[in-house]
Amino acid sequence: MLGDDDGARERAVGPELVVRFQGLLRAARLYNRSNQAYQRQLQDFMEVVVAAMQEEETTLVAMGDYFYLNGVRLKAQASKLSIFHVLFAEFECRALGAVRFLRGISADELETFLKQFLAARNPERGEQLPDELPAAGVLHVIPVRARDLRPDDHGSQQEEEQEAGDPSGVRQRARQTYWRAVVGTRAMLLRTAQTGRPALRQARRLVQPLVDNIMKNEYSILGLTALKDHDEYTYAHCVNVSVLSIGMGQALGLSRSALANLGVASLLHDIGKIAVPAGVLHKPGALDAGEWVQVRRHPIEGVKMVARMPGLSTLTLDMMRVCFQHHMNLDHSGYPVAPSGRLPVTFARIVAVADCFDAITAHREYRARALTAHEGLQHLMGPDRAHFDPAVLWALVKTVGLYPAGTVLLTDSGHTALSLSPNPADLRRPFCRVLARPDGQVPGEREVQTWDPMPQEERVARVMRPDEFQGNAADLLAA
C-alpha cells in the first residue's frame, strides 16, 4: 500500500517519525512524565504521528534492516543512520516487526505504551505486548509481532535490494553486522564505565561477526567505515578500528583465532579514555598543556582497566599491549615514551594505523573539513609514513584499496562513480555506484547502476575533489 503521491508524504515525514520515536524512547528512559524535556518529546512525536496518518492509521514496519512507513521504504541521511539503527535494534530485541498508530491516539495511551515497551526487554516479553496493552487501556497503539507481519505490511524487499544493485543482499548483511556492532559497542562501553572493567564476553560476541564477514571476503563492511558524520561516531570509531584491523590482519596472513583476538583488542583500544573527563575529550577547541597530559594518560588507564580483570590469558595480554602501545610510533615519536630499543608489538602496529586512518578522516571542529579517505591514505603513505610499519601500511592499502569507500572517481570514458568498497582482486577497480554517465545523465533512484567491480575497460582518470561533487557521498554510501 502506498500513500498519496506515490509515497511522497511518507518519504517526507517518515524519517522524522523515526527520529522522534527514538528521541521519545530516550527521554522516557531518562525522565519522569512531568519533566519538560519528556513532555516536549511526547508532543513532538504526537504531531508527527498525526501528520503521517493515512486515512485512519499509520504503520511503521521494521524489516530487513529497513523501516517502512505505510509500505514506503524510508531512507536516512548519513547523520541520522545511527538513530535508525538504534531504533531498529529496539524492535529486534523485542521480536516486534511493526507498530500501528490509530487515529484518536491520546498522550496518556502513548505514555502507557512507552512504559510497557521499555519494560519488555527481550523477545519473550516483547511478544506479549500485543495481548497486554488492551488490558492496560491502550487501544490506539498496536505493536505487531515480527512473525505476524503480512506481506503487504511493507514494500517488496527483494525489489528494493535489486534496485540498489544488491541482488544477493551482501551489502544489506554488511549493514546489519556493522550497525549491530555499533549499537552493541555503545552498550558495552557504558557497562564498562559503570563497572570499571572491560566487558570481555560482550566484546567477543560483537567481534565474531566482523571476523566472519571479512573472512568470507565480503568487503562491503569496509565501506561503512567511511561513514563518520553521525551521532554514534564515538562508538563507531571503535568498530571502524576493529574492522580495519581485522582486514589488515587478514592481509598479513593472521589466523582466524589471531584475528578474533586482534578484533577484540582493537575494539577496546581506547577504553582508557573512559577515565578522561568528557569535557576534555569533547572540547571543540585546542587542548591546553594540562588537558593534553590527561589525554595522553589514556593508554596507561586502559592497561589498568584490563589488569583489573580476573585471570591472565593471551587475549588480555594482547589487550594490554594494544591499549599501551597504539600511540607509540616506530620512529620513537608518540606516547607513552617507549624504553630505548623497544618497539610496539604487531597487533599494536596494526591498530595504530587503523586508528590514525579513521581519526584523520573524521570531522573535527578545528578543521575546515575532514580529509577524504583518499587524502587520508595519501597522508599516511606520505608525510606520516615514518611513524608506521611499512608492511602494515601496505596491508591498509590492500584492505581499503587505492580508492577507499567514499572516493568520487572520474573515469577515462567520462563516467562519474562513487567507490563503495575495495576489490582485492584489482585495487585499481573498486566496487562502485555510477553517479553520472558520459552524456551527463544521472541514474534515477529506482535505476541504481553499480559496477561489481569496475569493468576492465574502465580506468580511473582522476579523483574528484569534494568541491567538484555536488551530491552527498556519505548519504549515497549509506543508501
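**View 1. Strands β4 and β5 pair in an antiparallel manner in this predicted model.** Strand β4 covers residues 96-102 and is joined to β5 by five bridges. Strands, like helices, are DSSP runs numbered from the N terminus; a strand (E) has at least two residues and a helix (H or I) at least four. Two strands count as paired if DSSP finds at least two bridges between them. Arg-100 stands opposite Ile-142 of β5. The pair belongs to an open sheet of five strands with antiparallel pairing, in the order β3-β2-β1-β4-β5. At its edges are β3 (72-73) and β5 (141-145), each of which pairs on one side only. In a regular strand, side chains alternate between the two faces of the sheet.

Residues are numbered from 1 along each chain as its sequence is written, and side-chain values use heavy atoms, with hydrogens and water left out. Because the model is predicted, local features need pLDDT of at least 70 and side-chain atom pairs count only at pLDDT 80 or more, whereas totals for chains, interfaces and linings use all residues.

**View 2. Helix α3 is largely enclosed by the rest of the structure.** Ten of the 13 residues of α3 (residues 81-93) are buried, where buried means under 20% relative accessible area, exposed over 50% and partly exposed in between (1.4 Å probe, protein chains only). The buried residues are Leu-81, Ser-82, Ile-83, Phe-84, His-85, Val-86, Leu-87, Phe-88, Glu-90 and Phe-91. Leu-81 lies in α3 and counts as buried at 7% relative accessibility. Its C-alpha is 8.8 Å from that of Glu-232, although Leu-81 and Glu-232 are 151 residues apart in sequence. The end C-alpha atoms of α3 are 18 Å apart, which agrees with the 18 Å that its 13 residues should span at 1.5 Å a residue; the expected span is 1.5 Å times one less than the number of residues. After α3 comes Ala-95, with a positive phi near 60°.

**View 3. The largest nonpolar core has 116 residues.** A nonpolar core is a set of buried Ala, Val, Leu, Ile, Met, Phe, Trp, Tyr and Cys residues joined through side-chain atoms within 4.5 Å. Phe-67, Phe-101 and Phe-113 have the most contacts inside this core. Helix α11 (residues 233-251) supplies the largest share, ten residues. With neighbours within four places in sequence left aside, Phe-113 is in contact (heavy atoms within 4.5 Å) with Phe-21, Val-99, Leu-133, Val-138 and Val-141. A second, separate core has eight residues, including Leu-409, Val-434, Trp-451 and Met-454.

View 4. β6 and β7 form a hairpin with four residues between them, and Gly-414 in the turn has a positive phi of about 100°.

**View 5. The model has zero disulfides.** A disulfide is a pair of cysteine sulfur atoms within 2.5 Å. Cys-356 is in none; its nearest cysteine sulfur, that of Cys-238, is 16 Å away. Cys-356 is buried, with a relative accessible area of 18%, and Cys-432 counts as buried at 0% relative accessibility.

**View 6. Helix α16 spans residues 314-325.** Its twelve residues reach 16 Å from the first C-alpha to the last, close to the 16 Å expected at 1.5 Å a residue. Buried in α16 are Leu-315, Thr-316, Asp-318, Met-319, Met-320, Val-322, Cys-323 and Gln-325. Their cover includes α9 (200-215), α12 (256-267), α15 (298-307) and α17 (346-360).

**View 7. Residues 156-164 have pLDDT under 50.** pLDDT is the predictor's confidence in each residue, from 0 to 100. For residues 156-164 the model has 17 contacts beyond four places in sequence. The mean pLDDT of the protein is 87, and 92% of its residues reach 70 or more.
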